[in-house]
Amino acid sequence: MSINNNKKESKDEVSQNDTPIKLVTVHGTGAGDVTSSGDKWWQLGSVFMDELQKRLSLDPTQVEIVPFQWENGPNSESKRREAGAELAEQLHFYDQAKQDYYLIGHSHGGTVIYNALLKSVANKAPFERLKLWCTVGTPFLDYRPNTFLFQRLKSIGLTIYTTGLVSLVLGIWIMLMTFFKSEFNENIVTLGYSMTLYGVITYASLWLYERRKKSWFTKKQKQQVEELYRASWCGLWHKEDEAISALSNVQNISAPIIPNTFLLPVVAGFQFGLVILVGLIFSFDLAVNGGDLLTYFVTSEDGSEGFSVGGITFSIAFEILLIWIPLTWVLTKLLSLFAHLFGRPLAFLLNKVVWASIQKRAWGDDLLKEDVHAISSHPPEFKHKCDFLCDSIADPLRKHSEKNAIKTLHKVRLVLGMSENAGTTPDIRTELSDSLNWQELIHTSYFDVPAFIDLLAKSLQEAGLVTSHKQTLTG
């Protein structure tokens with residue numbers, strides 16, 4: 001299924017469209033739509049697009065705005081790469097049609113653009129007519145291949161790798177043993193050499209296959225992106241951008257979620273169960289066997305066997321004080337010792353797993369062979385960096401988000417204060433979500449602030465996007 005919801009332009013369609021300039025907009029995560037027209041910043045007819053066209057006096061016969069849609073913008077690195085590959089194909093169509101193009105990507109829309117650039121480098125087909133690629137509030141994730149080969153293998157490859165590794169270890173062990181023993185069965189020696197050779201060949205074959213079939217972009221390719229496209233990059237971001245900060249900071253969070261003492265409540269449960277179990281055992285002894293273990297205390301006054309109230313009472317007390325309580329105490333201490341010895345390392349491992357899962361979920365990291373190495377406001381391996389927005393742009397953005405945050409806070413207070421007797425139980429999560437308009441965040445407010453639109457228009461103009469039909473003809 002095509003990622004781009006619009007009908008992708010074919011080579012014939014591009015060549016027939018004689019609009020010399022394309023302005024391509026790429027939405028971010030969760031910001032997609034089924035149509036190209038609407039009120040979202042990247043759509044045709046949005047307030048932002050109207051304001052940008054006014055500032056640049058864009059002639060629709062000379063400049064065509066092309067929204068690029070990649071589903072709803074799923075938080076998935078694999079989907080972002082698929083979208084980047086499709087965008088790269090679309091841009092090559094513009095190259096063939098001799099049409100200049102400018103790109104604007106917000107949030108992970110900028111990641112899609114960057115992946116398109118990487119794809120052009122990997123295919124050794126650089127973009128010829130790219131004039132500007134502007135990323136707005138984009139958190140760039142630097143993916144690198146996993147360190148170890150077994151981390152990059154699927155089930156079949158991992159099975160082959162495991163057998164090869166075991167054969168290699170056993171083969172080396174057999175060969176080493178021949179040095180410490182004068183007499184050794186020649187068949188065993190041959191087996192050792194064979195197992196070692198099999199292990200080496202297996203590992204080498206898998207390594208070469210992985211290198212040949214690699215799906216990741218290399219460090220060299222990332223450096224080539226800077227060499228080819230750094231001059232046309234415009235990175236716009238607020239130093240308090242929530243997305244960039246959050247995705248960067250989650251990499252360093254390691255606060256324990258599961259405490260080292262998490263097994264102690266389990267011990268308490270076992271202790272209660274042991275008390276009940278031991279009590280049932282001794283009760284069964286008294287009720288069924290007549291207290292055979294302690295018949296001395298249940299002997300009648302005339303010496304004949306039988307039950308007496310005093311004897312039974314003393315027998316129960318004896319069992320509780322000398323057997324029941326000490327036994328459960330010892331078992332409880334052993335369980336507590338187990339909880340302390342194994343609770344700390346087990347909690348450490350579980351916390352690692354939990355935080356790794358949270359990080360992958362936040363980053364949209366669904367790649368098997370790669371891991372996130374770093375998150376930054378600039379593309380990986382870029383020496384050329386764009387500084388954060390100056391105060392004259394940053395302050396209006398901050399004030400805009402703070403103003404909307406106050407309005408939203410009032411709505412949130414109303415939601416949290418809803419009466420329990422309102423007739424139906426309120427869905428707090430849904431109510432809070434509906435109360436947000438996403439202008440409370442700087443990350444989602446860029447295109448609503450006039451000062452930022454002025455800056456973006458100026459950047460496009462300086463990159464060569466003309467502001468009038470006359471300039472197009474003479475420029």
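## Labels and their cut-offs

Guide: Gln99 has its place in the loop between H3 and S3, where helices (H or I, at least four residues) and strands (E, at least two) are DSSP runs numbered from the N terminus. This is a predicted model, in which local features need pLDDT of at least 70 and side-chain atom pairs count only at pLDDT 80 or more, while totals for chains, interfaces and linings use all residues. Residues are numbered from 1 along each chain as its sequence is written, and side-chain values use heavy atoms, with hydrogens and water left out.

Visitor: Why does Gln99 count as buried?

Guide: Buried means under 20% relative accessible area, exposed means over 50%, and partly exposed is what lies in between (1.4 Å probe, protein chains only). Gln99 has 2% relative accessibility, and therefore it counts as buried. Gln99 and Glu128 are 29 residues apart in sequence, with 9.4 Å between their C-alpha atoms.

Visitor: What makes Lys98 count as exposed?

Guide: Lys98 is found in the loop between helix H3 (77-96) and strand S3 (100-106), and its relative accessibility is 55%, so Lys98 counts as exposed. The phi of Lys98 is near 60 degrees, which is a positive value in a residue other than glycine. Most residues other than glycine have a negative phi.

Visitor: Why is Leu335 called partly exposed?

Guide: Leu335 belongs to helix H10 (residues 309-363), and its relative accessible area of 23% falls between the two limits, so Leu335 is partly exposed. The C-alpha atoms of Leu335 and Leu263, 72 residues apart along the chain, are separated by 9.5 Å.

Visitor: Why does Ser36 count as buried, and what joins the side chains of Ser36 and Gln69?

Guide: Ser36 lies in the loop between S1 and helix H2 (47-56), and it counts as buried because its relative accessibility is 16%. The side chains of Ser36 and Gln69 are joined by a polar contact of 3.1 Å, a term for a pair of N or O atoms within 3.5 Å in which, within protein, one must be able to donate a hydrogen and the other to accept it, and for which residues adjacent in sequence count only if both atoms are side-chain atoms. Ser36 and Pro67 are 31 residues apart along the chain, and their C-alpha atoms are separated by 6.1 Å.

Visitor: Why does Thr25 count as buried, and which residues is Thr25 in contact with?

Guide: Thr25 lies in strand S1 (residues 21-26), and at 0% relative accessibility it therefore counts as buried. Leaving aside neighbours within four places in sequence, Thr25 is in contact (heavy atoms within 4.5 Å) with Trp41, Trp42, Met49, Val66, Pro67, Phe68 and Ile104. The side chain of Thr25 also reaches the backbone oxygen of Trp42 at 2.9 Å.

Visitor: At what angle do helix H4 and helix H7 pack, and how do you know what to call it?

Guide: Helix H4 (residues 108-122) and helix H7 (residues 219-229) pack at about 100 degrees, with their axes 9 Å apart. That makes H4 roughly perpendicular to H7, because angles of 65 to 115 degrees count as roughly perpendicular, those under 35 as roughly parallel, those over 145 as roughly antiparallel and the rest as oblique. Residues of H4 including Leu117 and Val121 meet residues of H7, among them Val225 and Leu228.

Visitor: How many residues of the protein count as buried?

Guide: Of the 475 residues of the protein, 40% count as buried, and the protein has 14 helices and 7 strands.

Key
Axes fitted to C-alpha atoms, helices over the stretch in contact; angles between N-to-C directions.
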